[in-house]
Amino acid sequence: MKPRIDRNLGIEGEPDRWVQSACMLCSNGCGLEIAVKNEQIVGVRGNPRHPVNFGHLGPKGENAWVANNDPRRGMHPMIRREKGGPMERASWQEALDFFEEKFRAAWDKGHENLACYNSGQLTIEEFYALGKLWRGGLQSSNIDGNTRLCTATSATGLMANFGADGPVASYTDIDQAELLCLFGHNVAESQTVLWERMLAAKRENSGRIIVVDPRKSPTVHQGADLHLQLRLGTNVALMNGLLHLIIARGWVDRDFVNAHTVGFEKLEAVVREYPPERVAEICGLTVGELETAAQWIGTTERFVSTVLQGFYQSVEATAASSLVNTLHLLRGAIGKPGAGPLLMAGQPSAMSNREAGADGSYPGYRNPHTPKHMKELAELWNLDFDEFHPEVPKDILTMLEMAERGEIEFMWVIGTNPLVSLPDQNRTERILRRMFLVVQDPFVDTESVALADIYLPVAMWGEKSGCITNADRSVNYLQKAVEPPGEARSDLAIFVEVANRLGFKDRHGAPLVPFREPREAFDEWRRVSKGRPCDYSAMTYEKLLEQGAIRWPCNAAHPNGKERLYEDLHFWTGIDDCETYGADFLTGNKHTRAEYERMDPKGKAFLRPAHWRMQPNPPTKEFPFVLSTGRVVYHFHTRTKTGRSPALNLRAPHAYVEIHPDDAEKLAIAMGDLVEVVSPHGRWEGPAMVVDSTRPGELFIPFHYGHGVQAANQHTWYARDPVSQQPQFKSAPVNIHRKSFGAVEPWLAERRAELAGESVEPYASRSIGGMKAKEEVPANELP
């Protein structure tokens with residue numbers, strides 16, 4: 001991909017200064033510089049020397065900076081003295097006194113009476129401080145991140161085969177690949193700049209792209225050579241069918257499998273039951289489509305697979321994602337240039353959370369069941385191991401179910417908007433309302449802040465310093481460009497004060513969270529990560545600024561980072577190395593240390609078989625359609641930031657429902673008609689998008705939009721993958737009917753053109769909002 005400087009300024013002329021940073025609007029981590037004028041953020045430009053994006057920016061990265069200047073930013077804390085009462089302005093002293101009072105009252109009933117639900121958009125310094133506070137101080141299992149909704153399966157899928165989390169391949173492998181397989185990954189919309197990079201690789205390598213997706217997404221129209229438009233809920237059946245053909249056609253690298261894996265015989269026995277005819281029937285594909293995909297994979301040496309929400313947000317998420325890794329292991333396509341699986345993340349610092357341990361993991365990918373790991377962590381934290389009680393974290397939906405039963409009374413929500421993003425919105429709202437709720441957020445007007453008993457205003461991107469890790473392990477350093485508005489504080493400052501207020505000490509009586517500055521937290525994190533897969537020990541802020549981004553591990557052996565993992569073909573599967581002892585794909589039952597000891601592969605990778613299972617909550621006579629939810633290119637999560645950008649919001653101001661023309665004709669629904677979608681949980685209404693992007697009998701609604709009749713998550717369920725506990729957002733039974741005739745607004749017509757394949761220019765190549773024309777920069781003219 002050739003360098004380019006994408007630039008969007010909200011002023012005439014030049015800013016006072018440019019400040020090095022990175023985009024925080026998807027998991028790509030594009031390098032950019034922030035424009036500052038009169039101590040206010042006024043725009044951005046891409047960094048053409050950055051190894052992730054080479055100066056390219058997508059629509060969100062170009063335009064979402066305006067959210068920093070939004071008038072609805074939180075300027076001061078607020079408290080609600082009693083349920084149902086008004087929110088009142090408070091000082092930080094008053095707000096944190098009230099926080100401490102309610103926290104301690106709940107703690108008196110047991111540490112499991114408290115819960116924390118955080119984000120994928122803080123810095124690693126903040127995640128590390130929060131994880132240390134909760135795991136080392138409170139020692140509670142009730143902590144999770146909204147990474148549970150987007151990236152939990154990336155972690156469990158990688159652990160299932162390789163023993164530990166950590167994306168295997170890198171973007172440089174995409175550059176060299178001859179075949180790209182996109183499993184449930186609508187990359188054209190979710191990671192627009194990465195999609196440009198993929199298309200460039202396809203051109204330069206005369207390559208091909210396979211897209212596995214139940215929808216004809218813009219990714220299909222803009223670059224697919226083969227589209228496997230499978231039925232919703234059939235991912236494992238598809239993967240077993242591909243593996244069946246790879247084995248049956250003799251495309252297995254037997255020497256590699258024998259030397260570096262365990263479990264081939266059991267895998268072969270399972271996939272033998274998935275011949276192409278059976279898989280075609282289950283998935284709604286043709287035998288020819290399956291055979292073509294298998295042939296391309298089986299005869300291409302350099303191929304990279306990416307996996308995202310289409311595979312993750314399912315009750316068979318870990319199994320399906322692990323089988324993608326298995327495909328690479330059977331082909332020996334791993335640990336070498338142009339080959340490997342990339343189980344993607346969905347948020348800008350979801351990887352950081354997984355590394356630092358403020359969600360479903362322990363710092364440094366340590367195993368809470370391995371005494372060696374926990375003794376090491378206790379020593380690093382200067383805690384008495386005999387009084388350190390590691391607990392396996394609970395996922396957010398389990399915590400909400402506990403709260404529904406009255407077992408959790410206090411919840412601290414940090415940098416996320418759960419009322420909109422969690423499934424079964426009406427049930428979730430009832431549960432959130434019964435707890436004492438603290439919400440820590442840059443904006444005062446989110447749907448979740450409206451339910452809060454305490455609101456704490458915080459600094460956001462551009463207003464604090466720290467590091468984030470992108471989807472291919474590239475770590476960026478974000479410099480502070482301006483001061484936060486009003487009395488807003490950084491999340492790190494709040495975590496440090498809370499830890500000290502609650503009296504968390506090490507075994508010598510010193511503060512457990514001793515640092516105050518991001519650099520101090522980062523230096524401690526470097527020591528804690530040393531020797532683990534995500535090793536930062538040789539990484540520094542100065543080196544990050546010099547190189548733009550560094551992929552971990554970055555240590556004495558790899559002082560400038562490492563492009564891909566497992567080049568030595570030794571995996572983190574040893575019994576005292578692994579992050580987990582594994583779990584049953586179907587039941588989620590965790591293997592014990594004794595069970596793992598009997599199958600310890602001692603550095604070899606696992607080939608784990610899985611049978612396809614029917615989806616829960618299937619369609620019925622009353623609710624005959626299957627609803628899937630997902631993203632649109634112009635918004636991120638719950639529109640907390642992107643919804644404040646006129647350039648973005650004008651292109652996707654409302655939710656809509658995609659319906660196949662055959663179904664629309666039967667129901668007398670026309671393009672733009674106002675329709676109602678109903679389910680056992682609620683009702684949604686909005687305009688109809690009549691287009692053949694979905695299969696007949698299936699509907700699609702973007703999930704970004706609010707609370708009430710525009711919220712797709714009214715219809716989703718608490719069903720989840722038994723291993724990753726990631727919710728099933730891709731399959732819910734619904735019905736649809738027309739409420740009234742409607743007109744086709746311009747934004748809806750433009751969106752239909754994209755979904756119908758009438759507009760195929762990659763989004764990151766377009767100029768919208770205040771963007772100037774995008775021009776490539778010759779290498780000899782790079783700044």
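Residue classes come before anything else: Ala, Val, Leu, Ile, Met, Phe, Trp, Tyr, Cys and Pro count as nonpolar, Asp, Glu, Lys and Arg as charged, and the others, Gly among them, as polar. This is a predicted model, where local features need pLDDT of at least 70, side-chain atom pairs count only at pLDDT 80 or more, and totals for chains, interfaces and linings use all residues. Residues are numbered from 1 along each chain as its sequence is written, and side-chain values use heavy atoms, with hydrogens and water left out.

Pockets, then. A pocket is an open set of points on a 1 Å grid over the protein atoms alone, where a 1.4 Å probe fits, with protein on both sides within 12 Å along at least five of seven lines; lining residues have an atom within 4 Å of a point. Volume is the space filled by probe spheres set on the points, with grid points joined across faces, edges and corners.

The largest pocket holds about 690 Å³ of space. Its lining has 38 residues, and Thr-156, Met-159, Gly-360, Lys-590 and Val-723 lie nearest the centre. By class, that lining splits into 13 nonpolar, 14 polar and eleven charged. Which helix gives the largest share of the lining? Helix 5, with five residues. Helix 5 spans 152–162. Helices here are DSSP runs (H or I, at least four residues), strands likewise (E, at least two), numbered from the N terminus.

The second largest pocket has about 480 Å³. Of its 21 lining residues, Asp-584, Phe-585, His-591, Arg-608 and Pro-609 are the closest to its centre. Its lining has 13 nonpolar, three polar and five charged residues.

Next, strand 7, residues 114–118. Five of its five residues are buried, meaning under 20% relative accessible area with a 1.4 Å probe, protein chains only. Leu-114, Cys-116 and Asn-118 point one way, Ala-115 and Tyr-117 the other. Two strands pair if DSSP finds at least two bridges between them. Strand 7 has four bridges to strand 15, running parallel, and Leu-114 stands opposite Phe-410 there. Three bridges join strand 7 to strand 8, also parallel, with Cys-116 opposite Ile-143.

Last, Ser-529. It sits in helix 23, residues 518–529. Buried or exposed? Ser-529 counts as buried, because its relative accessibility is 0%. Beyond neighbours within four places in sequence, Ser-529 is in contact (heavy atoms within 4.5 Å) with Cys-534, Asp-535, Tyr-536 and Ser-537.

Notes:
Buried means under 20% relative accessible area, exposed over 50%, partly exposed in between (1.4 Å probe, protein chains only).
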